[in-house]
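Me: I have a two-chain model open and want to go through it. Can you start with the interface?

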Amino acid sequence: MPVAVKTSWYYILLALAAGDSHGLGIAREVQDLSDGRIRLWPAALYGALQELNALGWIEQRHQLGESEKRRYYRLTRAGRTALTAETSRLAGVIRIARARTKPRAGETS
Amino acid sequence: MTARHGRRLYRGLLRLGPRSLRQRYADDMEELFLARLAEARCRGRLAAAAAWGAAAADIVGARLRYALRTRDVPHLEQERRAFMLGSDLRYTMRWLGRQRFSTALVTGMLSLGIAASIVVFSLVNALFLRPFPFDDPERLVYINETAPKWNLEIVGITYPDFDHWRRENKVFEAVAMWNEDNFNLSDASGAERIAGGSVTHDFPDVLRVRPIVGRMFNAEEDTPNGPRVVVLSEGLWRERFGGREDALGQTLRLNSTPHAIVGVIPNVAMFPGEMRLWVPFRGNPARAGSYGSQGAIGRLKPGLTAADAEKDLLRTQQAIWDARDRDRVVSPFVRTLRGQYARDFRTQSATLLIAVGILLVVACANVASVMLARALARRREMGIRLAVGASRGRIARQLFLENVLIAAAGGAIGLMAGRWALQLLLTTAGDQVPRWANFGLDIRVVGFAVLMSVLTTILFGWAPALHAIRGNVRGAMQETSGGSTGGPGGRRTLAALVTAEFALATILLVCGGLLYRAYDRVRHVDPGFRVENVLTFSVALPGDFGDNDESRAKLYAFWTRLVQRFEALPGVDGVGLVNCAPLGCHWGSFYRVEGAPPRKPGEPTPVTLYRPASPGYFKTMGIRLKSGRLFTDDDGRPGGGRVVIVNETFARTFWPGVADPVGRRLRGMGDTAPWMTVVGFVQDIKHYGLEQPMRPGLYLPLQQSPPSTLVVAVRTAMDPAAFAGTARAALRALNPDLPLIGLRTMEQTLQRSLAQRTLYSWLLAVFAAMALMLALGGTYGVTAYLVSQRTREIGIRVALGARRADITRTVLRTSLSIVGAGVIAGLAAAVAVARLLAEMLFGVPPHDGWILAYAAGGLIAMAAAVNWPTARRAARLDPVTALRAGEG
């Protein structure tokens with residue numbers, strides 16, 4: 001059975017699709033991507049990262065340089081597949097939604 | 001708060017979250033949170049607080065998610081867990097049953113706190129939080145006029161003013177005016193007095209209510225010569241017509257005039273007060289009309305506020321000022337509907353909220369201290385369970401279950417007790433509570449109770465219990481078996497809790513004492529009139545009486561007949577008539593005295609209490625004459641000289657420095673008003689309530705201007721309440737169409753005028769007593785625990801030759817020093833808090849020495865008494881047993 005992708009997961013995957021990032025960076029990126037509608041608070045973010053890690057969709061590595069202890073996250077192949085699958089599923093939903101909410105003939109908007 | 005504090009606090013908060021997350025990501029999480037917090041701080045304090053709230057919710061949410069996720073384990077595992085839950089439950093029940101006393105104590109304290117909070121929260125909820133039962137209630141505003149120059153906050157509205165606003169305003173979707181009125185409704189079966197209102201036809205448009213049957217009267221019917229029609233409230237319709245639709249078209253005799261019934265409106269529209277029927281206002285924009293008890297209500301256009309509306313009305317008022325009120329005496333004001341009707345309760349509500357908040361904190365501290373002591377005493381048991389392989393999680397879960405059971409019991413009992421107490425309170429308060437307020441149990445009250453009990457037990461029960469079992473197994477085992485005392489950390493926490501409880505109890509006790517003293521002081525104010533054996537009721541003659549000699553004579557003849565009839569009844573010592581009896585209504589008028597300098601512009605003219613009274617009124621009501629004479633039957637005869645009796649405040653205000661005003665003259669404001677001579681000078685009475693100052697007042701002979709509605713005061717030889725039946729029969733014999741209105745003894749009237757003060761003085765006294773009991777329970781429990789922990793130490797001391805008295809003293813000293821610290825802190829805080837109460841204290845100083853001394857002395861003495869048995873028991877310990885204690 002495919003795992004259901006939560007909205008916050010989707011945004012996190014989307015944020016990582018642009019490149020590796022650390023927790024704070026992901027939180028900011030998600031906020032930007034969602035026009036400020038999704039603000040991930042620490043426990044929600046790291047909870048999600050932990051779960052995504054367990055699913056093998058992202059992997060975690062330490063990057064030296066900027067800050068020694070910072071943990072960076074990278075999208076794995078499996079993660080990218082999941083993101084693509086979810087995107088096409090959403091696209092399908094949107095197609096249906098558009099068709100259903102189209103103004104009917106005779107109705108003025 | 002500095003960043004360091006923020007970091008610490010967040011770390012603390014993280015402890016509430018799932019451990020795996022914390023261990024792995026604590027630093028990263030903290031970094032993200034601090035970034036968020038810094039962002040929020042830039043947007044102000046509120047945003048920062050919101051950030052903390054969000055962070056806490058985030059962590060608790062994660063905890064819940066993790067808890068739920070652990071359920072998604074394979075089938076077998078799940079089964080095993082369910083089994084364990086069952087055994088945990090059984091174990092917990094058994095354990096709670098064994099610890100019957102402390103379980104009952106915690107549950108009792110919790111339910112007490114919750115019950116008190118529910119009562120107060122329900123009051124506040126009904127008065128402030130629950131909206132009026134109308135569409136978009138926040139857009140409804142109350143409109144009236146104020147006249148600071150007349151010393152009147154609210155004067156009522158004249159129809160021409162209202163009509164002008166209705167035409168000129170730019171802010172209201174609809175605006176309507178009403179006047180509360182009472183009607184004599186008579187039919188074949190007798191006469192009844194019914195509360196109703198004259199309203200303009202747009203009233204339902206403002207409230208957005210629709211008639212359930214028939215229609216509302218229309219604009220044509222709402223004109224000076226329109227047809228007589230009436231709209232009934234649903235309640236009256238069901239009562240009188242059994243809810244039948246054929247009521248429409250029937251007529252109702254109101255004030256002896258038939259009115260055609262055109263519609264029925266739902267009960268919610270019985271606003272304000274208790275208007276049970278509506279008749280058209282029939283206002284005439286061309287006639288000046290008089291001020292009175294009118295009010296107006298408006299529905300704002302979307303997006304506007306009461307302040308906008310007031311500005312707009314003041315703009316339209318300019319034309320009225322120019323035309324007929326050049327001194328700008330009267331000006332309109334606008335308030336939100338809730339602001340208007342809940343205004344009177346704001347101080348009391350705030351006081352009660354604070355008091356109950358303190359009580360709740362005391363209850364929580366108590367729950368915490370008992371649970372902590374219990375947990376500390378169980379460290380050994382927990383240690384053993386851990387040692388033989390129980391997981392920490394399992395023990396935590398079992399402790400949690402214990403607290404959930406206590407919370408459920410405490411919450412349920414508290415909810416029931418609170419409901420019951422609220423009912424009791426509302427019955428006692430009687431008509432002090434506004435009719436529109438609905439005190440029923442709503443989702444908010446229940447939610448509040450559930451939240452309270454859950455938070456209290458988890459925060460104050462589970463957390464300390466977890467705290468107690470933390471640390472390693474060996475430590476826990478050793479501490480109780482080897483060492484002489486329990487952990488110093490736990491003991492210190494317990495002492496701090498008891499100190500806090502006593503500090504808070506002191507605050508409540510001092511404030512309760514002050515309010516009670518103020519209440520006592522108010523009760524002993526001399527009202528200036530007789531309270532015992534006086535019965536009052538109103539009689540209203542229906543019909544229009546013009547301002548002419550003929551109708552004056554007719555009215556006077558009726559009132560004279562009434563007095564004669566009642567005087568002839570057996571057991572009657574005196575009968576008097578007046579328009580406004582003490583603690584009743586106010587009828588204001590304006591007077592000038594002879595030779596007074598003209599008032600400076602802008603200087604307010606004092607309002608004078610105007611009272612036509614019969615000659616017998618003064619004796620009946622026991623009003624004391626200072627000089628001159630009282631009225632006789634000859635005073636006020638047409639053609640005779642006009643006379644008047646003034647009170648002390650009138651003399652002081654208009655003739656300062658004059659000892660005896662008898663013989664001086666005064667007259668009304670018009671230039672043609674006739675002069676009246678003062679023939680009598682009487683003492684002030686507390687007309688407006690025992691706490692209120694008196695206004696200038698005067699009495700006129702009834703014959704000079706007899707009103708159509710009067711209060712009849714009857715002084716009886718026996719119990720006045722037993723006289724009610726006789727009075728009713730006598731009035732019916734005089735005129736069967738007349739109902740007897742508001743029959744009450746003066747004693748009852750006085751009690752009612754004090755009801756509000758009585759109510760919250762008693763509430764606060766009850767809260768103080770509850771806090772006291774809780775605090776005493778707290779110190780008892782903690783002392784008992786400390787003694788049980790020190791059993792070995794005491795044994796050693798006794799073995800080394802300490803006397804029993806020394807042991808008793810040591811135990812008492814320890815517990816009393818904890819209590820004393822709390823009391824001292826509490827006294828200081830109480831004086832500060834009492835200052836906020838100043839306006840309710842009726843002159844009792846917030847630092848009243850006696851009250852402070854009583855509170856401090858009483859608390860310490862009672863704490864000593866409560867701890868005495870424990871101390872004695874400690875002293876009687878057999879050293880041999882004591883030394884063995886804790887080993888086995």
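Reply: Start with one pair: Arg39(A) and Glu39(B) form a salt bridge through their side chains, at 3.8 Å from N to O. A salt bridge here is a side-chain nitrogen of Lys or Arg within 4 Å of a carboxyl oxygen of Asp or Glu.

Me: Before we go on, what are the ground rules for this model?

Reply: It is a predicted model, where local features need pLDDT of at least 70 and side-chain atom pairs count only at pLDDT 80 or more, while totals for chains, interfaces and linings use all residues. Residues are numbered from 1 along each chain as its sequence is written, chains are lettered from A and ligands numbered from 1 in the order in which they are written, and side-chain values use heavy atoms, with hydrogens and water left out.

Me: OK. How many salt bridges are there between chain B and chain A?

Reply: The count is 2. There are also 6 residue pairs in polar contact across the interface, both residues being at pLDDT 80 or more. A polar contact is a pair of N or O atoms within 3.5 Å; within protein, one must be able to donate a hydrogen and the other to accept it, and residues adjacent in sequence count only if both atoms are side-chain atoms.

Me: Which helices of chain B supply the side that touches chain A?

Reply: Helix 2 (19-42) and helix 3 (45-69) of chain B each give at least two residues to it. Helix 2 of chain B has the largest share, 12 residues. Helices (H or I, at least four residues) and strands (E, at least two) are DSSP runs, numbered from the N terminus.

Me: And how many residues are in contact overall?

Reply: 23 residues of chain B touch 20 of chain A, contact meaning heavy atoms within 4.5 Å. The two chains bury about 2,000 Å² between them, with 51% of that on carbon and sulfur atoms. Buried area is the accessible area (1.4 Å probe) that two parts lose on being put together, summed over both.

Me: Switching to chain A. What's the fold order from the N terminus?

Reply: The elements of chain A run α-β-α-α-β-β-α, which comes to 4 helices and 3 strands. Of its 109 residues, 40% are buried. Buried is under 20% relative accessible area, exposed over 50%, and partly exposed in between (1.4 Å probe, protein chains only).

Me: Tyr10(A): buried or exposed?

Reply: Tyr10(A) counts as buried because its relative accessibility is 14%. It sits in helix 1 (residues 7-17) of chain A.

Me: What does Tyr10(A) touch, leaving aside neighbours within four places in sequence?

Reply: Tyr10(A) is in contact with Val5(A), Leu83(A), Glu86(A), Thr87(A) and Leu90(A). Glu86(A) is 76 residues away along the chain, with 7.9 Å between the two C-alpha atoms.

Me: Now chain B. How many helices and strands?

Reply: Chain B has 25 helices and 22 strands. Among contacts in chain B with a separation of 6 or more, 80% join residues 24 or more positions apart.

Me: Why is helix 6 of chain B largely enclosed?

Reply: Helix 6 (residues 159-168) of chain B is largely enclosed by the rest of the structure because 7 of its 10 residues are buried. Those buried residues include Tyr159(B), Phe162(B) and Trp165(B).

Me: What do they pack against?

Reply: The buried residues of helix 6 pack against strand 1 (140-146), strand 2 (172-187), strand 9 (294-300), helix 9 (306-324) and strand 10 (331-336) of chain B.
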